[in-house]
Amino acid sequence: MTGVALVTGGNRGIGLAIALRLRETGYSVVVGSRSGTAPEGLSAVELDVSDPASILAAFERIEAEFGPIEVVVANAGITRDTLLMRMSDDDIDAVLNTNLGGSIRLARRALRSMLKAKHGRIIFISSVVGLMGSAGQVNYAAAKAGLVGAARSLAREVGSRGITVNVIAPGFVDTDMTAEVGEERKAEILGAVPLGRYAQPAEIAGVVEFLAGEAAGYITGAVIPVDGGLGMGH
Ligand code: NDP
């Protein structure tokens with residue numbers, strides 16, 4: 001028996017692959033995004049993770065319609081890449097608020113029913129650059145590194161209640177987000193990936209499926225790289 005899963009940013013890219021995989025596994029999947037859309041017959045809810053009120057409203061709607069949420073995948077994320085000298089206050093605030101603050105607030109709201117159920121799975125989608133660093137991504141890498149501290153702290157808070165909190169750190173995945181990266185930079189990254197190719201969104205989804213399932217019941221506070229070896233040693 002599997003329950004309800006919420007995937008933020010599940011309407012495209014990595015999030016969509018995660019949503020489809022969890023649905024295949026038998027979860028009732030709800031996809032949350034600013035646009036509130038969901039392709040391929042998935043259930044959708046309007047949810048802006050940068051807006052605390054929007055998170056609360058989305059949970060109310062999901063719980064009323066589908067029941068308590070068992071698996072939360074904090075996948076929604078944005079980039080505002082540029083060298084720090086040129087980075088605006090808004091670039092810093094927006095990326096930290098969406099990628100880090102949004103994930104923390106999402107987890108906090110998800111705990112309500114998970115604590116009652118004495119079971120739950122919280123999965124943060126971080127990035128290889130959170131641990132390696134990346135020129136031009138000070139805001140993004142800080143937010144992604146912050147997710148590791150957040151997950152490990154929360155894992156300690158709620159471990160005794162049957163709730164696991166883990167982090168996935170993908171490398172370069174071909175999506176709308178990385179479509180903005182220039183060809184020269186792409187070739188440079190590819191050259192540093194031991195497996196010599198980008199990840200498919202489904203390869204991130206497979207690890208989410210594993211972490212959500214019973215086989216991962218004794219894994220918490222872990223950071224799992226899915227990066228073709230790019231971040232080895234970090
Ligand atoms: P995309 O840009 O393709 O998709 C981003 C998703 O996040 C969209 O569904 C978007 O939906 C949603 N989103 C953005 N802002 C918000 C918000 N404020 N509230 C709710 N939803 C939001 O990104 P990817 O699929 O490439 O990335 C998914 C995650 O994986 C991100 O956290 C990213 O940082 C991480 N990642 C990606 C890598 C890559 O190489 N692609 C590598 C490592 C990590 P909408 O616009 O409708 O709101």
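Asp91 and Arg80 form a salt bridge in which the closest N and O atoms are 3.1 Å apart, a salt bridge being a side-chain nitrogen of Lys or Arg within 4 Å of a carboxyl oxygen of Asp or Glu. This pair links distant parts of the chain, with Asp91 in helix H3 and Arg80 in the loop between S4 and H3, 11 residues apart. The model is predicted, so that local features need pLDDT of at least 70 and side-chain atom pairs count only at pLDDT 80 or more, while totals for chains, interfaces and linings use all residues. Residues are numbered from 1 along each chain as its sequence is written, and side-chain values use heavy atoms, with hydrogens and water left out.

## Salt bridges

The structure holds nine salt bridges, and three of them are set out here.

| Pair | Closest N to O distance |
|---|---|
| Asp91 and Arg80 | 3.1 Å |
| Arg80 and Asp90 | 3.1 Å |

Asp91 counts as buried at 15% relative accessibility, whereas Arg80 is partly exposed at 29% and Asp90 is partly exposed at 45%; buried means under 20% relative accessible area, exposed over 50%, and partly exposed in between, with a 1.4 Å probe and protein chains only.

Asp176 is partly exposed, with a relative accessible area of 48%, and Arg12 is partly exposed at 44%.

## Sheet and helices

Helices (H or I, at least four residues) and strands (E, at least two) are DSSP runs, numbered from the N terminus. Seven strands form an open sheet in the order S3-S2-S1-S4-S5-S6-S7, with parallel pairing, where two strands pair if DSSP finds at least two bridges between them. Strand S3 (43–46) and S7 stand at the edges, each with a single partner strand, so one side of each has no neighbour in the sheet. From one strand to the next, the twist averages 20 degrees. S5 and S6, which run parallel, are joined by six bridges, and Ile123 stands opposite Asn166 in S6.

H1 packs on the sheet and touches strand S1 (4–8), strand S2 (28–33), S4 and S5, its direction making about 170 degrees with that of S1; contact means heavy atoms within 4.5 Å. Helix H5 (residues 138–158) lies across S5, S6 and S7 and runs at about 165 degrees to S6; axes are lines fitted to C-alpha atoms, for helices over the stretch in contact, and angles run from 0 to 180 degrees between N-to-C directions.

## Helix H8

The buried residues of H8 are Pro201, Ile204, Ala205, Val207, Val208, Leu211 and Ala212. Seen down the axis of H8, these buried residues fall within an arc of 160 degrees, so they line one face of the helix; the arc is that of the directions from the helix axis to the C-beta atoms. They pack against helix H1 (13–25), strand S4 (69–74), strand S5 (120–125), strand S6 (163–170) and strand S7 (223–226).
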